[in-house]
Amino acid sequence: KWGACQNILSIAPGNNPNEGHVDSYSNSWNGGDTQIDITAWTAGGSSENQRICLKFDFSTLPSNATIDSAILYLFAMPVPHGGNMVDANFGGANAGVIQRITSGWPISSPPYTWNNQPSTTSVNQAIIPQSTSSFSNTLVNVSALVMDMQIKGNNGFFMRLQSEVPYNIK
């Protein structure tokens with residue numbers, strides 16, 4: 001709340017240099033993609049997992065602001081780039097977690113890889129529920145995480161599947 005009235009701040013990642021995913025198959029970082037997902041799949045007969053790093057710019061949020069709630073909107077990919085390339089959400093175990101990143105992660109120098117992921121904490125982590133349809137959008141309450149970021153520093157969110165078992169994507 002700012003002053004006597006409540007204000008809503010909407011932050012979208014549009015063209016955000018601080019988003020991307022790490023990939024276990026290629027041990028690489030992929031930033032700047034228009035679609036990022038959390039995945040447990042296979043590639044060339046080997047396991048492939050992808051996890052997301054995402055940081056929103058909170059600089060327009062006054063330092064004395066009281067955060068009542070924070071909701072992260074996760075939109076299903078209309079034309080998926082991963083998984084079976086048909087369903088944006090797939091698999092019987094595609095629930096995920098959102099954790100707070102506790103270390104800085106300059107993605108350009110050096111870029112993060114699967115073997116060099118930023119540190120995270122499970123304190124106040126948020127759960128991304130199991131999908132109910134192939135193209136369902138998901139709203140996740142990340143209030144506790146954002147409140148932690150306001151106090152402890154904003155290094156962003158880290159998202160992964162709860163159980164990285166092949167043939168699940170969100």
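**Entry 1: a pocket**

I looked up the second largest pocket in this predicted model and found a volume of about 160 Å³. Here a pocket is an open set of points on a 1 Å grid where a 1.4 Å probe fits, with protein on both sides within 12 Å along at least five of seven lines; the volume is the space filled by probe spheres set on the points. It has 14 lining residues, meaning those with an atom within 4 Å of a point. Closest to the centre I noted Asp 37, Gln 50, His 81, Gly 82 and Gly 83. Strands E3 (39-43) and E4 (46-54) each give two or more residues to the lining, and E3 has the largest share, three. Strands are DSSP runs of at least two residues, numbered from the N terminus.

**Entry 2: aromatic pairs**

I then counted four aromatic pairs, taking ring centres within 6.5 Å, with planes over 60 degrees apart as edge-to-face. Trp 41 and Tyr 167 are edge-to-face, because their centres are 5.1 Å apart and their planes stand at 80 degrees. Trp 41 is in E3 and Tyr 167 in the loop between E9 (157-161) and E10 (168-169), so this pair ties together parts 126 residues apart in sequence. Trp 41 is buried at 12% relative accessible area, while Tyr 167 is partly exposed at 41%; buried means under 20%, exposed over 50%, partly exposed in between (1.4 Å probe, protein chains only). I also noted that Trp 41, Phe 90 and Tyr 167 form one aromatic cluster.

**Entry 3: how to read this**

Residues are numbered from 1 along each chain as its sequence is written. Local features need pLDDT of at least 70 and side-chain atom pairs 80 or more, while totals for chains, interfaces and linings use all residues, and side-chain values use heavy atoms, without hydrogens or water.

Terms used
Helices (H or I, at least four residues) and strands (E, at least two) are DSSP runs, numbered from the N terminus. Rings of Phe, Tyr and Trp (its six-membered ring) pair if their centres lie within 6.5 Å; planes under 30 degrees apart count as stacked, over 60 as edge-to-face and the rest as tilted.
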